[in-house]
Amino acid sequence: MKFFEIVRKYLDKLLIDILNEFILNTMHSGTIEVSQAMQIAANIAVLEMACDYFLRHAAQQRGIPVRSVDGRQGSLTAKIVLKTSRDAAYLALLSLVNSKLVEFYVTYRKCNLDF
(Lines give C-alpha, C1' and ligand atoms only; values in the text may rest on other atoms or scores of the structure.)
Protein backbone atom coordinates (compact mmCIF):
# COMPACT_ATOMS: atom_id res chain seq x y z
CA MET A 1 0.00 0.00 0.00
CA LYS A 2 2.91 2.35 0.65
CA PHE A 3 3.98 2.18 -3.00
CA PHE A 4 0.46 3.11 -4.10
CA GLU A 5 0.47 6.16 -1.82
CA ILE A 6 3.79 7.26 -3.32
CA VAL A 7 2.41 6.86 -6.86
CA ARG A 8 -0.71 8.80 -5.87
CA LYS A 9 1.38 11.58 -4.33
CA TYR A 10 3.57 11.98 -7.40
CA LEU A 11 0.64 11.73 -9.79
CA ASP A 12 -1.03 14.55 -7.87
CA LYS A 13 2.19 16.55 -7.97
CA LEU A 14 2.57 15.99 -11.73
CA LEU A 15 -1.00 16.97 -12.50
CA ILE A 16 -1.07 20.02 -10.22
CA ASP A 17 2.43 21.47 -10.20
CA ILE A 18 3.42 20.79 -13.78
CA LEU A 19 0.45 20.20 -16.07
CA ASN A 20 -2.07 22.48 -14.39
CA GLU A 21 0.52 25.24 -13.96
CA PHE A 22 1.37 25.05 -17.66
CA ILE A 23 -2.31 25.18 -18.63
CA LEU A 24 -2.94 28.22 -16.42
CA ASN A 25 0.14 30.02 -17.76
CA THR A 26 -1.01 29.35 -21.31
CA MET A 27 -4.50 30.67 -20.58
CA HIS A 28 -3.25 33.81 -18.87
CA SER A 29 -0.61 34.58 -21.49
CA GLY A 30 -3.14 36.59 -23.46
CA THR A 31 -2.12 35.06 -26.77
CA ILE A 32 -4.76 32.35 -27.08
CA GLU A 33 -7.69 32.49 -29.47
CA VAL A 34 -11.26 31.33 -28.91
CA SER A 35 -10.71 27.90 -30.46
CA GLN A 36 -7.62 27.32 -28.31
CA ALA A 37 -9.47 28.31 -25.11
CA MET A 38 -12.28 25.94 -26.07
CA GLN A 39 -9.80 23.11 -26.65
CA ILE A 40 -8.05 23.80 -23.32
CA ALA A 41 -11.39 23.64 -21.47
CA ALA A 42 -12.25 20.35 -23.18
CA ASN A 43 -8.83 18.87 -22.43
CA ILE A 44 -9.10 19.82 -18.77
CA ALA A 45 -12.52 18.12 -18.56
CA VAL A 46 -10.99 14.93 -19.98
CA LEU A 47 -8.08 15.13 -17.51
CA GLU A 48 -10.55 15.52 -14.66
CA MET A 49 -12.33 12.33 -15.67
CA ALA A 50 -9.01 10.57 -16.18
CA CYS A 51 -7.93 11.19 -12.56
CA ASP A 52 -10.16 8.37 -11.33
CA TYR A 53 -8.91 6.12 -14.11
CA PHE A 54 -5.27 6.85 -13.22
CA LEU A 55 -5.89 5.89 -9.60
CA ARG A 56 -7.82 2.73 -10.43
CA HIS A 57 -5.15 1.66 -12.88
CA ALA A 58 -2.35 2.27 -10.38
CA ALA A 59 -4.29 0.30 -7.75
CA GLN A 60 -4.83 -2.60 -10.14
CA GLN A 61 -1.14 -2.67 -10.98
CA ARG A 62 -0.33 -3.06 -7.28
CA GLY A 63 -3.07 -5.63 -6.66
CA ILE A 64 -5.12 -3.26 -4.48
CA PRO A 65 -8.92 -3.74 -4.73
CA VAL A 66 -10.40 -0.99 -6.87
CA ARG A 67 -13.28 -0.42 -4.45
CA SER A 68 -10.79 0.68 -1.82
CA VAL A 69 -9.63 3.62 -3.96
CA ASP A 70 -13.10 4.65 -5.18
CA GLY A 71 -14.87 7.48 -3.44
CA ARG A 72 -13.80 10.75 -1.91
CA GLN A 73 -11.05 9.27 0.26
CA GLY A 74 -9.19 7.78 -2.69
CA SER A 75 -9.52 10.62 -5.18
CA LEU A 76 -6.70 12.85 -6.31
CA THR A 77 -6.46 16.45 -5.16
CA ALA A 78 -5.65 17.24 -8.77
CA LYS A 79 -9.25 16.51 -9.72
CA ILE A 80 -10.45 19.47 -7.64
CA VAL A 81 -7.63 21.71 -8.89
CA LEU A 82 -8.38 20.77 -12.51
CA LYS A 83 -12.08 21.56 -11.98
CA THR A 84 -11.10 25.03 -10.81
CA SER A 85 -8.83 25.43 -13.83
CA ARG A 86 -11.63 24.25 -16.12
CA ASP A 87 -13.87 26.95 -14.65
CA ALA A 88 -11.10 29.50 -15.29
CA ALA A 89 -10.80 28.24 -18.87
CA TYR A 90 -14.55 28.70 -19.38
CA LEU A 91 -14.30 32.25 -18.01
CA ALA A 92 -11.37 32.97 -20.34
CA LEU A 93 -13.39 31.55 -23.23
CA LEU A 94 -16.37 33.69 -22.30
CA SER A 95 -14.16 36.78 -22.14
CA LEU A 96 -12.65 36.03 -25.55
CA VAL A 97 -16.08 35.49 -27.12
CA ASN A 98 -17.34 38.73 -25.56
CA SER A 99 -14.38 40.68 -26.93
CA LYS A 100 -14.99 39.21 -30.41
CA LEU A 101 -18.66 40.21 -30.20
CA VAL A 102 -17.74 43.75 -29.18
CA GLU A 103 -15.21 43.91 -32.02
CA PHE A 104 -17.85 42.70 -34.48
CA TYR A 105 -20.42 45.16 -33.16
CA VAL A 106 -18.03 48.12 -33.43
CA THR A 107 -17.09 47.12 -36.99
CA TYR A 108 -20.75 46.64 -37.91
CA ARG A 109 -21.73 50.05 -36.48
CA LYS A 110 -18.83 51.72 -38.27
CA CYS A 111 -19.87 50.17 -41.60
CA ASN A 112 -23.48 51.28 -41.15
CA LEU A 113 -22.44 54.83 -40.31
CA ASP A 114 -20.36 55.05 -43.50
CA PHE A 115 -23.45 54.54 -45.69
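Predicted model: local features only at pLDDT ≥ 70, side-chain atom pairs only at ≥ 80, totals over all residues.
Buried here means under 20% relative accessible area, exposed means over 50%, and partly exposed is whatever falls in between, using a 1.4 Å probe and protein chains only. With that in hand, Lys83 at 40% relative accessibility counts as partly exposed.

Residues are numbered from 1 along each chain as its sequence is written, and side-chain values use heavy atoms, with hydrogens and water left out.

**Salt bridges**

Side chains of opposite charge can pair when their charged atoms come close. The rule used is a side-chain nitrogen of Lys or Arg within 4 Å of a carboxyl oxygen of Asp or Glu. Searching the whole structure that way turns up five salt bridges, including these:

| Pair | Closest N and O atoms |
|---|---|
| Lys100 and Glu33 | 3.7 Å |
| Lys79 and Asp52 | 2.6 Å |
| Lys83 and Asp87 | 3.5 Å |

Lys100 sits in helix H3 and Glu33 in the loop between H1 and H2, so this pair ties together parts that are 67 residues apart in sequence. (Helices are DSSP runs of H or I with at least four residues, numbered from the N terminus.) Lys100 is partly exposed at 37%, and Glu33 is partly exposed at 41%.

Lys79 lies in helix H3 and Asp52 in helix H2, so that bridge links parts 27 residues apart in sequence. Lys79 is partly exposed at 27%, as is Asp52 at 24%.

Lys83 and Asp87 are both in helix H3, four residues apart, or about one turn of the helix. Asp87 has a relative accessible area of 33%, which makes it partly exposed.

What about a charged residue without a partner? Asp12, in helix H1 (residues 2–27), is buried yet has no salt bridge; the nearest side chain of opposite charge, Arg8, is 5.6 Å away. For that charge count, Lys and Arg are positive and Asp and Glu negative, with His and the chain ends not counted. The Asp12 side chain does reach the backbone nitrogen of Thr77 at 3.1 Å.

Contact means heavy atoms within 4.5 Å. Not counting residues up to four places away in sequence, Asp12 touches Asp17, Leu76, Thr77 and Ala78.

**Aromatic pairs**

Rings of Phe, Tyr and Trp (its six-membered ring) pair if their centres lie within 6.5 Å; planes under 30 degrees apart are stacked, over 60 edge-to-face, and the rest tilted. That rule gives two aromatic pairs. Tyr53 and Phe54 have ring centres 6.4 Å apart and planes at 55 degrees, so the pair is tilted. Phe104 and Tyr108 form a stacked pair, 6.3 Å centre to centre with 20 degrees between the planes. Phe104 is exposed at 58% relative accessibility, whereas Tyr108 is partly exposed at 46%.

Conventions: Helix = DSSP H or I, 4+ residues; strand = E, 2+ residues; numbered from the N terminus. Polar contact = N/O pair within 3.5 Å; in protein donor to acceptor, adjacent residues only side chain to side chain.
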